[in-house]
Amino acid sequence: MSGHQHRAPATGAALDVYLQLEEAIDGTLSGIICDTDSSARSIIKHVRRLHESASTLVSYLDGTSLQAGDFGKEILESVAFLGDIGAFIERLPEKMERDLSSVQALVAEIRFLGEVTSDVKAISLQSHLLAINAAVEAGRAGTVGSAFKVVADEMRRLAGNSSAMALKINKGLARAQEIVENGLQSTITESAGQIADVSKAAATIARLRDNFDDMSQYYKTRFAIVMKHNEDLVKDIGEALGQIQYQDVVRQSIERIRDAARRRNDALRSLAFMDGDHAGEDDELPVQLELILDDYLAEERKHRHPDRQTQGADAPLKVELF
Amino acid sequence: MAKTIMIVDDSSTMLMSLRNSLEIAGFNVLEGNDGSVALKTLQGGAKPDLIITDINMPKMGGIEFISKVRALPGFRFIPILALTTESQQGKRDEAKKLGATGWLLKPVSGTDLNKIIKQVLPGA
């Protein structure tokens with residue numbers, strides 16, 4: 001078939017369909033570019049919200065930690081204060097023992113004084129008897145013994161007063177002794193139970209303080225773990241945002257493919273519309289296509305993807321600081 | 001005080017991704033969707049601490065942008081990083097000659113970007 005002959009109709013029809021297919025593909029490629037762009041922007045928004053939520057969470061935890069710290073300080077101060085009270089109360093039995101000894105000594109003194117007043121009573125009785133004898137003898141002595149009788153009478157009166165006073169003192173001492181002994185006994189009986197309860201309370205307070213220390217340490221550890229996870233989360237968010245850059249790389253790659261395909265299709269379209277007189281000019285088609293191919297490959301070389309490049313001297317550097 | 005970084009790229013998705021990465025890292029961000037837009041911003045008085053620019057942009061590409069920025073008073077020593085899909089050595093050499101501080105190939109991970117920024121921007 002010479003170059004001046006008409007192209008076979010089947011070839012022209014096939015070319016038409018081919019070009020229609022290419023148009024459809026071109027549309028799809030443009031759609032892909034739009035879709036990936038929207039998707040990337042949506043991912044960026046979500047990732048940013050994720051970061052904001054993580055930051056808010058950390059702020060809450062930080063605030064809670066500060067409040068817990070203040071609260072913990074108050075608790076520890078209160079526990080220390082209660083501990084001091086408990087220690088004071090625990091020392092009370094010892095103090096009461098000392099007070100008891102003092103009171104017992106007091107009771108002994110009262111008893112002794114009681115014995116003294118009994119002696120005084122005995123002495124005053126004897127004095128009374130002596131006075132009576134003296135009065136009798138004074139009576140026998142007649143007028144000579146009258147002065148002596150006065151003295152004897154006085155003595156009898158004094159003895160009577162002393163006896164009465166001794167009796168009063170004795171009664172008072174007995175009452176005092178009764179009060180002290182009974183009161184002390186009931187105080188000791190009552191206090192023994194309360195002191196035992198306070199000792200239990202002091203032990204409970206000590207356990208409370210230990211539990212609080214444990215709980216405080218537990219939450220400090222958990223907080224540190226959460227902070228570490230949050231740091232990792234922020235780092236991963238940064239990485240995710242970096243990966244979005246692939247959308248730009250892919251977009252450019254698709255655009256290069258689409259542009260090369262459009263140029264090829266334009267060249268083929270020219271061929272499809274050639275009439276018989278110019279049919280010989282379709283020899284230019286391979287040249288045009290070869291040019292399109294060279295341009296496309298040159299562009300691809302300019303944008304070699306370093307992550308896909310195998311190791312070699314000509315592999316492009318990802319990062320170069322001058 | 002937070003440092004300011006200017007990002008220049010014709011892709012709005014790239015600008016959005018970089019902006020969020022840098023803001024999360026604690027930087028203030030200025031944007032330009034082309035070399036000419038960014039240059040106008042700088043001529044208007046903006047003084048970022050670092051510029052990150054794409055190379056292939058429609059109206060004013062990155063190479064021309066770098067050259068014009070270096071000619072502005074007060075911008076001789078501001079670090080300028082190229083962030084691009086371009087891997088041609090020729091373009092790298094040209095950018096270096098015109099005053100670029102570094103050349104980064106997309107995609108750059110968040111960790112790597114932060115590391116590089118810390119290297120070129122002391123105190124960041």
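Q: Why are A:Glu299 and A:Lys302 separated by about one helical turn?

A: A helix is a DSSP run of H or I with at least four residues, a strand a run of E with at least two, and both are numbered from the N terminus. A:Glu299 and A:Lys302 are about one helical turn apart because they lie 3 residues apart in helix 4 of chain A. They form a salt bridge, with the closest N and O atoms 2.8 Å apart. In a salt bridge, a side-chain nitrogen of Lys or Arg lies within 4 Å of a carboxyl oxygen of Asp or Glu.

Q: What kind of model is this?

A: This is a predicted model, in which local features need pLDDT of at least 70, side-chain atom pairs count only at pLDDT 80 or more, and totals for chains, interfaces and linings use all residues. Residues are numbered from 1 along each chain as its sequence is written, chains are lettered from A and ligands numbered from 1 in the order in which they are written, and side-chain values use heavy atoms, leaving out hydrogens and water.

Q: Over which residues of chain A does pLDDT stay under 50?

A: pLDDT is the predictor's confidence in each residue, from 0 to 100. Where it is low, the predicted coordinates should not be read in detail. In chain A, pLDDT stays under 50 over residues 1–5. The average for chain A is 80, and 89% of the residues score at least 70.

Q: Which residue forms a salt bridge with B:Glu23?

A: The partner is A:Arg48, with the closest N and O atoms 2.8 Å apart. This pair crosses between chains, from helix 1 (residues 12–24) of chain B to helix 1 (residues 9–141) of chain A. For accessibility, buried means under 20% relative accessible area, exposed over 50%, and partly exposed in between (1.4 Å probe, protein chains only). B:Glu23 is partly exposed at 27%, whereas A:Arg48 is buried at 18%.

Q: How many bridges join strand 4 of chain B to strand 5 of chain B?

A: Two strands pair if DSSP finds at least two bridges between them. Here 4 bridges join strand 4 (residues 80–84) to strand 5, and the two run parallel. B:Leu81 stands opposite B:Gly102 of strand 5.

Q: Which strand of chain A pairs with strand 5 of chain B?

A: Strand 1 (residues 319–321) of chain A pairs with strand 5 of chain B in the antiparallel sense, over 3 bridges. A:Glu320 stands opposite B:Trp103. In strand 5 (residues 102–105), B:Gly102 and B:Leu104 point one way and B:Trp103 and B:Leu105 the other, and all are buried.

Methods:
Contact = heavy atoms within 4.5 Å.
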